[in-house]
Amino acid sequence: MNVAVAKTGSGRAVSDLFASAEGRLPGSPGVTAVRREAFETYERLGLPHRRIEEWKYTDLRALMGEVLPLAATPDAAALKRAVEAVKAHAIAGARKLVLVDGVFAADLSDVKPLVAEASFKTLRETLARDAGLLKTASTDAVIALNAALATDGVVLSIADGAQLSAPIQIIHVATAASASAFTRSQVTVGKGARATLVESFVAAGAAAYQVNDAVIISVGDDADVAHIRLMDDAPDAVNITSQFVTVGANTKLNFFNMTTGAAVSRLQGFITLAGEGTELSVNGVNLLKKTEHGDTTLVVDHAVPNCVSREIFRAVIDDRAHSVFQGRIIVRPDAQKTDGKMMTRALLLSDEAEADNKPELEIFADDVSCGHGATAGALDDSLLFYLKARGLPEKQAQALLIQAFVGEAIEQIADDGLREHVIGIAERWLERRQ
Amino acid sequence: MALLEVKDLKVRVEEREILHGLTLTVNEGEVHAIMGPNGSGKSTLSHVIAGKPGYEVTDGQILFKGEDLLEMAPEERAAKGVFLAFQYPVEIPGVATMTFLRTALNAQRKARGESEYSTPDFLKKVREVSKSLNIPQDMLKRGVNVGFSGGEKKRNEVLQMALFEPSLCILDEMDSGLDIDALRIAADGVNALRSPERAMVVITHYQRLLNYIVPDVVHVMSRGRVVKSGGKELALELEASGYAQFEAA
Ligand SMILES: Nc1ncnc2c1ncn2[C@@H]1O[C@H](COP(=O)(O)OP(=O)(O)OP(=O)(O)O)[C@@H](O)[C@H]1O
Ligand SMILES: [Mg+2]
């Protein structure tokens, strides 16, 4: 394998891109220096490949090949398509913040009602002053690349004690084919606040595009946050998302991700429990078909005692698709009485479907209760036969059993409306199989 | 008219022949009982009629309303009116009984080119039937058979039978695991479905069930064949003498 060639190849593509994109990247001269440094880090590392332990199941050099040039500013026709896509994917009653091809679209967003309850800026605006948001303590190449090329994002701050009356929905719309969008957002939830955040990734007529998103989330003490991410990108798209989450004390954070799109996707979440008495629930569903590759990589870091974390992950894998779940639970020496569990199950709908599961427990405290479990298998023939004997055709019988299978993760979403919305997306995925 | 004709049926499971040339004819409006020792092939016969995979038919045929049943997928058989109440109904966690019932009923109706039930009509029908079978409504919200007692599972089978209104009902040991009251309720449910167009095949080990569901014909199955057929008095005879006389054959 000519990895070295691939590395130079992709590095050079970006190199050219960086030079040509530089004029379009927002930020003060200080920001530009940070970007250049981040880019150099990326160029040194190249795209992650299988010999990088964290990426061993998701070799981006092989899967993605090269980084595409930045998307051009959307024209009127593209914006019109974006409006339609937003309409189709909007959560009823939610305050929308829309990014089209990586740039905030004020006209498609509900800024006015939102700012009555939360403070809002675009990444572009904050970069006019300082580069703080481009800095993360990560050595990951895709995150460095994101810092170098992030064009926009949302910067949200929910005040202490705020009780948001409606969900906030960030919608990433892709309208440009064979181009990439780099976005970076920050969400800060104050002490005692209550909020629901939804992120949607959708296509508006675009194909073969690439998304590289980074989100930095910080949740204060005594808060109650539901965070739902719906990745429904075009079937030939690439979506690489990194999330950095820090959670305070006595907080409830309920995260859910569903992957129903993209040829290649990776959601890497790094969640640090930094305050005692917090309950974290992280749940995910991958619905993969054809040759799709979907990777969910989660690191839950119990940095303090007395927190509970629960992870439920379900993968439904059809055709020659490949699902990856890597879950690491870290329990720091002080984090006594940690209760951390993860359970992952994969449903293989074809003989060529593939599931990789890598659970890791790194426990440095002695009085803890941690565990993980994993299963992988086909649909139960006796259940299928029972349903068929009652008149359900094969695919419909499968659909009912698949819904039940993913239901175990979806039912962790507390809000009825959001749960129904998610079930609807899963149902449409199943209908496309029939 | 013959509703079901099983002719000289030979069936293998994992290279072993279980049914060795079984013949059985059931006419519209009739109730047939099949009795026979453990392992004689009663459930195998019912599974082959319903279309369960894993059985190899090496000889013979099964006609249902004159059509070749073995050519049909299980769901086609169901839509055409074949219903098997399983000896061991499976549990399906995560699929609410109500959702299952509606999906199944509408799938059958769709296959027959009939319109789907509206939600109110469906709910009304389920409520009526479940009430007559003493099935509490909250049971229908649970996963299919999940956490149901043995008796409840059997009643759920009869509930489905009443909802789907099949023309051939095969009841495989419907009475096992039922207490006396539950047996009477279930049998009443079955009797309510008796009609000149509908036939039933009742597989049982106990003559007692046949006091409630009185058969027109009783068959004795032994070692993969029907070895004797007669009237309802044959069941009483068996109760007295056991199967030894047939085992020798
Ligand atoms: N899947 C299978 N694999 C191997 N043998 C099987 C299988 N299914 C049935 N058999 C065998 O076929 C024979 C008939 O079984 P079947 O269940 O039809 O009997 P039955 O008459 O219904 O018995 P019972 O009264 O105990 O319910 C038995 O010897 C059984 O072990
Ligand atoms: Mg049996």
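Predicted model: local features only at pLDDT ≥ 70, side-chain atom pairs only at ≥ 80, totals over all residues.
Residues are numbered from 1 along each chain as its sequence is written, and chains are lettered from A and ligands numbered from 1 in the order in which they are written.

Chain A brings 16 residues to the contact and chain B brings 29 residues (contact: heavy atoms within 4.5 Å). About 1,700 Å² is buried between the two chains. Buried area here is the accessible area (1.4 Å probe) that two parts lose on being put together, summed over both. Carbon and sulfur atoms give 75% of this area. On the side of chain A, the residues that lose the most area to chain B are Phe385(A), Tyr386(A) and Arg390(A). Together they account for 46% of what that side buries.

Polar contacts also link the chains. The count is 7 residue pairs, both residues at pLDDT 80 or more. A polar contact is a pair of N or O atoms within 3.5 Å; within protein, one must be able to donate a hydrogen and the other to accept it, and residues adjacent in sequence count only if both atoms are side-chain atoms. Two helices of chain A, H8 (381-389) and H9 (394-410), each supply at least two residues of the side that touches chain B. Helices (H or I, at least four residues) and strands (E, at least two) are DSSP runs, numbered from the N terminus. H8(A) gives the most to this side, with 7 residues. By type, the residues on the side of chain A divide into 10 nonpolar, 3 polar and 3 charged. Ala, Val, Leu, Ile, Met, Phe, Trp, Tyr, Cys and Pro count as nonpolar, Asp, Glu, Lys and Arg as charged, and the others, Gly among them, as polar.

The rule finds 1 salt bridge across the interface (a side-chain nitrogen of Lys or Arg within 4 Å of a carboxyl oxygen of Asp or Glu). Its partners are Arg390(A) and Glu157(B), at 2.7 Å from N to O. Arg390(A) lies in the loop between H8 and H9 of chain A, and Glu157(B) in helix H5 (residues 150-164) of chain B. Arg390(A) is buried, at 0% relative accessible area. Glu157(B) is buried too, at 1%. The classes are buried under 20% relative accessible area, exposed over 50% and partly exposed in between (1.4 Å probe, protein chains only).

Over all chains, the count comes to 34 salt bridges. One of them joins Asp301(A) to Arg332(A), with the closest N and O atoms 2.7 Å apart. Asp301(A) sits in strand E14 (residues 293-302) and Arg332(A) in the loop between strand E16 (322-331) and strand E17 (339-348), 31 residues apart. Asp301(A) counts as buried at 11% relative accessibility, whereas Arg332(A) is partly exposed at 33%. Asp367(A) and Lys337(A) also meet in a salt bridge, at 2.7 Å.

The magnesium ion (ligand 2) has Ser43(B) (OG) and Gln87(B) (OE1) as protein donors, 2.0 to 2.2 Å away. Ser43(B) belongs to helix H1 (residues 42-50), and Gln87(B) to the loop between strand E6 (82-85) and strand E7 (92-96), 44 residues apart. Donors are N, O and S atoms within 2.8 Å of the metal (3.2 Å for Na, K and Ca); water is not among the atoms, so sites may look incomplete.

Definitions and conventions
Heavy atoms only, no water.
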